[in-house]
Amino acid sequence: MAVFVAGMGVITGLGMGVDENFSKLSSCLHGINNYASEIDPFLEGIPVAKIKKTNTELAEKYGVSHNWPLTALLSLVAVQEALASANIDISAHKSGFISATTVGGMDLTEEFFKKYIFDNQKGNKKLIRNHSCGSVTDLVASAIGVNSYVNTINTACSSSANSIILAARLIENGMLDIAIAGGADALTAFTLNGFNTLQLLDNDLCLSFDARRKGLNMGEGAGYIVLVSEKMIQEHKCNKLCKLSGFSNTTDAFHQTALSPTGDGPFRSMDQALKMAQLLPGQISYINLHGTATPNNDLAEGSAIVSLFGKDIPVSSTKSFTGHTLGASGGVEAVFSILSLTRNQLLPNLRFQEVMPETNLKPIIFPESKTLNHVLSNSFGFGGNCSSLIFSKY
Amino acid sequence: MGIYINGSSCISAQRSFDGNYSAPEEYFSSVLSCIEPDYKAYIDAKLMRRMGRLLKMGMTTALEARKKAGTPVIDGIISGTGLGCVEDTGTFLNRMSNPANRIMNPTAFINSTHNTVGSLIAIHLGNKGYNSTYSHLDVSFENALLDAVIALKHQQGKNFLTGAFDELTPDLINIYKRLNYLRKQEVSNLKLTSEKSEGTIAGEASAFFVVSSEKSASSIAELQNLNILYKPSKAILEKTFEELKTANKNFFILSGQCGDNTYDSAYSYFEEYFKSSFIFHYKKLCGSFPVASSFAFWLALEALSGNVALVKPLHITDFNSVIIYNTNKDYHSFISIKKC
């Protein structure tokens, strides 16, 4: 049984909505023009990609409380766009919402802790009410009116790719007709300090898949797609964008925070997705890389790609535009992959100059119009979780 | 295709891990902490030094469950947790929030991610298969179980290590008190739902199971029903109740009331429908926490194996199936398992 994409929505440091994001991607204009010090004054000189709207602006757009955690606001905005673009009545069918986040309501919890650590009777209790990953999803689920199923995944940076995978499996299993799947993550002092402490950040704009790369830039955002069953497409109950023709979730099992240098997990992830889609490597038109620009990820992912596809396959990391949006990245990049596929545009990898000597992979430098048939998107998370998605024209 | 539970292990406030119980543990506290084993017997000492408490609990119960299942090849690891690794999250937050001392511990950050337990188990077992972690309120465990069922049905593998874990820390307990979640007066946990009041008793646990498509000598029970409902209508709820009654002939019920008047009112419809059945309120034994239903799952397996000392007084002797019910206002979950 096949699963189809009927709609999508996105918000990142590039802007709000699919068209604004695509416009920036096509014009080589990145959104990594904020600084971590805007979130944590102790973190100086660290470029990040914040969304360019205030919490109040986001809340007012859909009439919800501006006291919602930012992750919930980002999620709602992207989900509402996805639903509108799918042209679908979720109340008339078995509908589900599968979201993902690594930070949940942590932006507000951090505020709470500022007072709490000096006096454990201090700190506004309202700030921690929606701390957990699940409660953020729950807020959005109530606002959009899904009727059958709601769940949240947290597998670090592969989270929202795994949401999409679960959604597809629930539809294939007949449990749902429609599923809105993806994820959201706001920038928080917690994750900024976490990645900084791990020395994974670049103090300049990141250099994905470049021999000179030093680390990642962090970003925030949300990306969701509306998945539907074949029956929904056949009965013309929604729009249709493309097919989710293959996916896989596999484990590298090498180290908690690093992939095996040969990219064993990434290789198997892409290979299994291809097998499921019944495609040969040569049929993939473009790979949207996980491409965080850390020395380890890009080497592992690059090595795996060369082993499987050779070095001539078009690849790029759109994290060079949006930064790494952590739990949202799988969803955001699924949207970008579908944009690339349906608008026949290879997306560029900004600031590339020097090939990695180990792989000789040269990413796309300029946006290029080209007929694309199958696009693969990678998401690899801490703990070695490797997920890949393949979107196809049909 | 049958779905079997071939291995089970649980660390909780009861003597669940070593099974050395002849009666329930009684506590006079608004907080129940786990009775933990000596982890050195299960985890390498060098590894342990960098592992927080919840990680040790999760890893140990996963490895034990697999051992009890006859150490099968594991095809995937699926976890559920409501709040994740709270201790490490708190450690990192505390350092980060203190302007005078911001030396942060990268290990605490890494270990605070929710999928840490699942991925460490995978690394330890050299398991390169499917791996996912769910964090969705009180149905985190049920969703992990659902994922395992789908994976088995689609032949993604034959054996999935499926489990859930949530921990308490001094900060979390303090916050629960401030949110008025906990009983103000310390009562016996065994009277949690017989003397209803405001607030509940907080608990913690880790429980792992081997969920398999293969029946074996280690098989304890077979999964009958698994339903996770979101804002169901009364009609859908009733239909589910009927399905449960039809599928399970001689059963008793483990139900998730927590002793708080407001929270427990959500159970009244179910309790009324099943009023002629024996209903045991399992949170008496383990306390309240998001993945408490994983403790109930362990408890049900124990009962089906003939170990009924914790569910006394049991008003039904010839049962061969257990129904587990859990609700948190908008979500209702039903799990039923029957003796193999």
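Me: How many salt bridges are there between chain A and chain B?
Reply: Quick caveat: this is a predicted model, with local features needing pLDDT of at least 70 and side-chain atom pairs pLDDT 80 or more, while totals for chains, interfaces and linings use all residues. Side-chain values use heavy atoms, without hydrogens or water, residues are numbered from 1 along each chain as its sequence is written, and chains are lettered from A and ligands numbered from 1 in the order written. A salt bridge here is a Lys or Arg side-chain nitrogen within 4 Å of an Asp or Glu carboxyl oxygen. Between chain A and chain B, the count is three.

Me: Which residue of chain A forms a salt bridge with Lys128(B)?
Reply: The closest N and O atoms of this pair are 3.1 Å apart. The partner of Lys128(B) is Asp264(A).

Me: How much area do chain A and chain B bury between them?
Reply: Buried area is the accessible area (1.4 Å probe) that two parts lose on being put together, summed over both. Carbon and sulfur atoms carry 59% of it here. The total is about 5000 Å².

Me: Is helix H5 of chain B largely enclosed or open?
Reply: Helices are DSSP runs (H or I, at least four residues), numbered from the N terminus, and buried means under 20% relative accessible area (1.4 Å probe, protein chains only). Seven of the 10 residues of H5(B), residues 116-125, are buried, so the helix is largely enclosed.

Terms used:
Buried < 20%, exposed > 50% of the residue type's maximum accessible area, 1.4 Å probe, protein only. Helix = DSSP H or I, 4+ residues; strand = E, 2+ residues; numbered from the N terminus.
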